[in-house]
Amino acid sequence: MSFNFNDIKKLFIRKPKNTLEGTENSEQPTNDSEAAHIPDKLAEKCEKCGQIVLSAEMEENFNVCPKCGHYKKMTARARIGMCAENFSELFADVEGKDILDFPGYAEKIAALREKTGEKEGVVCGTGEIGGVQCAIFSMDYRFLMGSMGHAVGEKIARTFEYATEHKLPVVGFVLSGGARMQEGIVSLMQMAKTSAAVAKHGEAGLLYVAVLTDPTTGGVSASFAFDADIILAEKGALIGFAGPRVIEQTIRQKLPEGFQRAELLQEKGFVDRICERKDMKETLAAILKLHCAEVSE
Amino acid sequence: MSAYDIVLKSREKGRPTAAKYIKNIVEDFLELHGDRRYADDRAIIGGIGYVAGRPVTVLGIEKGEDTNDKIAHNFGCAHPEGYRKAVRLMKEAEKFHRPVLCFVDTSGAYCGIGAEERGQSEAIANSILEMIRLKTPALSVIIGEGGSGGALGLCAADEVWITETSTYSVISPEGCASILWKDSGKVAEAAERLHLTAQELLKLGAVERVIEEKGFSTEFYEGLKADIAAFFAKKCTESGDELIAARYARFRKF
């Protein structure tokens, strides 16, 4: 029995389900000669257990390693694609500014844009989750671990302002190492700016659900991440103010197992619910549905 | 003075701490303790008093003076309880139509096991959020180190003033040099690049006023007190909605 290699490979080349995936995987083969090029991602190594997993299988399993259960980091668009339909992007043109002329920063940003196809570390827009129209933001680990500078703060603030104006709930997928130090005090001010926008949205009686993913730390954790009405956390996510390494250096002792993990935060009363990735869409849909339910007396 | 000289100056031994400012500026200060939830965090002191006859609520991140005092105040590194006490006192100020005056001096919020387990992020996030939507005037004066989120927790004010050898930064120059450049020898360069000095912050619009220190003389405190009194006299004529709208615009511009 013989196989044509290209035929086998085609089995693993997934067609994009929607436009969200366009920028992430722009190397989709369009004809047979291109298909002959072996895609980088036929199989991949789990970053936790190190075992080889078929990429298709990994995707099918919500980007959770089928061998060890490790949550693979997801790009901002893949995350939205997993939970929302009819996503329509907003504020895509907002760009960062190298306001302090910080050494190497402009080059770094240019290289990341080239590499990721994204302009900045957050993707914002509107979409439907479980049939409920909402404003959505989703942060991207590939962009300096989702750190917040002017552009990220501006897009998130605008998302809340847009949602306030259009009376929409906000669902935010949070992932960030914190404020972006290359933008100095301007980054710190984004914490206040985003918080102010969240406050206005909240005062209009609108719902904000934050999904804290791995990692959620620093200035993002200490601002809009914890300002939400309902805080979901992805299983195992690292969530905290200071990074574990900084804490270990400060207190000169090793941190206990499970410290700053989503499960401990739930136990201590700081997140509403741990959510498995496979249940995320359903959980969000249930929350949104309840908040727009109309009761006929 | 180089940026790094100013960093060192902002941390200098013997520099007046928040308690000294309160003593010199606030009349009949009555300290109020505790967050009503867990503990009293001595890193943030708070209470009520008068500035030029006007009742105010005062908050100060206190580093402590001598060694024992420093330990008692945890070197000005607040736990979540400190921020929760601050929010409690701000809400109380709002209820009784008093302005809020904050003196800020911290290398940053404390990072440790207890601080994390009791929700340092949530506490700071909530302090920022509640301060932004406070219906009474709020003024923050940075009097030494304005260390990142720990400082911002008490700086979501109508205006932020800074004394001339104080700093306000997203990260310490030490942190920046070691994280970004993996080179602790580049601290002075990091201090320069972060634009964390009073004059640089004024250019960036992160502070409204730079206050001359005049060797921390009586004249200095008297002058600052008069400025604070004048600021509150002006701001206290504005409605809660006007204050909130202006505060929103202040932060929205970044």
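This is a predicted model: local features need pLDDT of at least 70, side-chain atom pairs count only at pLDDT 80 or more; totals for chains, interfaces and linings use all residues.

User: What about the largest nonpolar core: how many residues does it have, and which have the most contacts inside it?

Analyst: That core has 146 residues. Those with the most contacts inside it are Ile128(B), Val104(B), Val209(A), Leu212(A) and Ala233(A). Helix α7 of chain A, residues 184–203, gives the most to this core, with 10 residues.

User: How many residues are in contact between chain A and chain B?

Analyst: On the chain B side there are 37 residues, in contact with 38 residues of chain A. Several elements of chain B each supply at least two residues to that side, among them α5 (113–117), β7 (167–169) and α12 (240–252). Helix α6(B) gives the most, with 8 residues.

User: And by class, what does the side of chain B that touches chain A have?

Analyst: It has 23 nonpolar residues, along with 8 polar and 6 charged ones.

User: What does the model score, by the way?

Analyst: The ipTM is 0.97 and the pTM is 0.91. Chain B averages a pLDDT of 97, and 100% of its residues score at least 70.

User: New topic, the open sheet in chain A. In what order do the strands come?

Analyst: There are 7 strands, in the order β3-β4-β5-β6-β7-β8-β9, and the pairing is mixed. At the edges stand β3(A) (85–90) and β9(A) (273–275); each has a single partner strand, so one side of each is left without a neighbour in the sheet. Neighbouring strands are turned by 25° against each other on average, direction ignored.

User: Which helices pack on the sheet?

Analyst: Helix α6 of chain A (150–165) packs on the sheet, touching β3, β4, β5 and β6 of chain A. Its direction makes about 170° with that of β5(A). Helix α11 of chain A (280–291) also packs on the sheet, touching β4, β5, β6, β7, β8 and β9 of chain A. The direction of α11(A) makes about 70° with that of β4(A).

User: Let's stay with β5(A). Is that strand mostly covered or mostly open?

Analyst: Mostly covered: 6 of the 8 residues of β5(A) are buried.

User: In which sense do β4(A) and β5(A) pair?

Analyst: They pair in the antiparallel sense, over 8 bridges. Cys124(A) has Phe137(A) in β5(A) as its bridge partner. Their hairpin has 2 residues between the strands, and Gly130(A) takes a positive phi near 60° there.

User: And how do β5(A) and β6(A) pair?

Analyst: In the parallel sense, over 4 bridges. Here the bridge partner of Phe137(A) is Gly172(A) in β6(A).

User: How many bridges join β8(A) to β9(A)?

Analyst: 3 bridges join them, and the two strands run parallel. Glu234(A) stands opposite Cys275(A) in β9(A).

User: Last one, back to chain B. Which residues of helix α8(B) are buried?

Analyst: In α8(B), residues 173–180, the buried residues are Pro173(B), Gly175(B), Cys176(B) and Ala177(B). They pack against α1 (3–10) and α9 (187–193) of chain B. Just after the helix, Lys182(B) takes a positive phi of about 50°.

Methods: Residues are numbered from 1 along each chain as its sequence is written. Chains are lettered from A and ligands numbered from 1 in the order in which they are written. pLDDT is the predictor's confidence in each residue, from 0 to 100. A nonpolar core is a set of buried Ala, Val, Leu, Ile, Met, Phe, Trp, Tyr and Cys residues joined through C-beta atoms within 7 Å. A residue is buried if 20 or more other C-beta atoms lie within 10 Å of its own, exposed if 12 or fewer, and partly exposed in between; C-beta atoms are placed from the backbone. Two residues are in contact if their C-beta atoms, placed from the backbone, lie within 7 Å. Two strands pair if DSSP finds at least two bridges between them. Axes are lines fitted to C-alpha atoms, for helices over the stretch in contact, and angles run from 0 to 180 degrees between N-to-C directions. Ala, Val, Leu, Ile, Met, Phe, Trp, Tyr, Cys and Pro count as nonpolar, Asp, Glu, Lys and Arg as charged, and the others, Gly among them, as polar.
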